[in-house]
Amino acid sequence: MLNQIKVENLLFVDIETVSGNAAFEEMSPKLQELWEKKSDYFRKEEESPSDVYGRAGIYAEFGKIVCISTGLVTKKNGEKKFVAKSYYGDDEKQLLEEFALMLDRFCSKPNRNLCAHNGKEFDFPYIARRMLIKGVVLPSVLDIAGKKPWEVQFLDTMELWKFGDYKHYTSLALLCEIFGIPTPKDDIDGSMVGKVYWQDNDLERIAVYCEKDILATAQVFLRYQGEDLIPETNFERVLL
């Protein structure tokens with residue numbers, strides 16, 4: 001079935017998220033109270049809600065998106081290339097609006113799908129939730145309420161690797177290692193994004209890291225199809 005999918009019809013997506021505020025104490029009193037309840041599920045007895053606030057970024061209700069990277073595989077004369085564009089900045093609503101416009105254009109053509117690693121569990125619902133919170137109209141591709149499973153235009157490289165095993169989790173880094181794909185974690189990893197954003201204020205570094213993730217996801221998908229990898233020299237960034 002995977003070989004019937006044209007990789008050129010896939011938009012590879014990855015997001016980077018951080019806590020909604022630089023520190024727990026900067027939240028409203030009500031949100032502090034709600035975070036305390038939320039963090040009860042994973043906090044150790046000796047830890048305070050403030051101690052674990054760095055994890056707030058993984059929850060759409062307490063975090064925000066600072067970067068969405070997108071990428072396309074193109075083919076010309078039998079040679080594959082990868083083109084990446086990122087939407088990033090401090091103004092989350094603006095980057096979400098720009099991303100939504102692009103999504104509507106991309107998905108206006110038939111047989112288009114979004115692809116991410118663990119996208120069905122994290123990236124796609126997180127984006128949709130943040131759009132609703134920020135008052136951004138959901139693009140049709142993300143508005144999946146009431147759709148039949150085969151109408152949902154999501155592909156997930158982690159889900160594809162499960163082969164029906166619902167217990168199985170495999171990181172993108174591990175798949176890159178076993179398939180001989182250059183690791184995207186050669187500078188920072190997801191646990192460092194909050195520091196790079198709130199302390200270093202280095203959004204460009206976050207965008208570059210995020211783009212490495214979408215390239216790696218595309219390479220994994222090509223391996224699933226039995227295809228050759230895209231040479232690193234065939235990677236192109238479209239700057240904002």
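This report describes the sheet, the helices packed on it, the aromatic pairs and the nonpolar cores of a predicted model.

The model contains an open sheet of 6 strands, arranged in the order 5-4-1-2-3-6 and with mixed pairing. Its edges are formed by strand 5 (154–156) and strand 6 (235–238), each of which pairs on one side only. On average, and with direction ignored, neighbouring strands of this sheet are turned by 30° against each other.

Of its 10 residues, 10 are buried, so strand 1 is largely enclosed by the rest of the structure.

| Strands | Direction | Bridges | One partner pair |
|---|---|---|---|
| strand 1 and strand 2 | antiparallel | 8 bridges | Val-13 and Thr-70 |
| strand 1 and strand 4 | parallel | 3 bridges | Leu-11 and Leu-114 |
| strand 3 and strand 6 | parallel | 4 bridges | Lys-85 and Val-238 |

**Helices across the sheet**

Helix 7 (residues 203–224) lies across strand 1, strand 2, strand 3, strand 4, strand 5 and strand 6. The angle between helix 7 and strand 1 is about 140°.

**Nonpolar cores**

The largest nonpolar core has 25 residues, and those with the most contacts inside it are Phe-99, Leu-114, Ile-127 and Leu-142. Two or more residues of this core come from each of strand 1, strand 2, helix 2, strand 4 and helix 3 (119–134). Helix 2 gives the largest share, 7 residues. Another core, of 14 residues, lies apart from the largest one and includes Phe-82, Cys-115, Ala-218 and Leu-222.

**Aromatic pairs and charges over rings**

A pair of aromatic rings is described by the distance of the centres and the angle of the planes. The structure holds 17 aromatic pairs. In one of them, the ring centres of Phe-12 and Phe-82 are 6.3 Å apart and the planes stand at 50°, so this pair is tilted. Phe-12 belongs to strand 1 and Phe-82 to strand 3, and the pair links distant parts of the chain, 70 residues apart. Both Phe-12 and Phe-82 are buried.

Phe-179 and Tyr-224 form an edge-to-face pair, with 6.0 Å from centre to centre and 65° between the planes. Because Phe-179 lies in helix 5 (residues 172–179) and Tyr-224 in helix 7, this pair ties together parts that are 45 residues apart in sequence. Phe-179 and Tyr-224 are both buried.

Ring pairs also link Phe-24, Trp-35, Phe-42, Tyr-53, Tyr-59 and Phe-62 into a cluster. Within this cluster, Phe-42 has Arg-55 over its face, at 3.9 Å from the ring centre. Elsewhere, Arg-112 lies over the face of Phe-106, at 4.4 Å from the ring centre.

Conventions. Residues numbered from 1 in each chain as written. Predicted model: local features only at pLDDT ≥ 70, side-chain atom pairs only at ≥ 80, totals over all residues. Heavy atoms only, no water. Pairing = 2+ DSSP bridges. Axes fitted to C-alpha atoms, helices over the stretch in contact; angles between N-to-C directions. Contact = heavy atoms within 4.5 Å. Phe/Tyr/Trp six-rings, centres within 6.5 Å; stacked < 30°, edge-to-face > 60°. Buried < 20%, exposed > 50% of the residue type's maximum accessible area, 1.4 Å probe, protein only. Lys NZ or Arg CZ within 6 Å of the ring centre and 35° of its normal. Core = buried A, V, L, I, M, F, W, Y, C linked by side-chain atoms within 4.5 Å.
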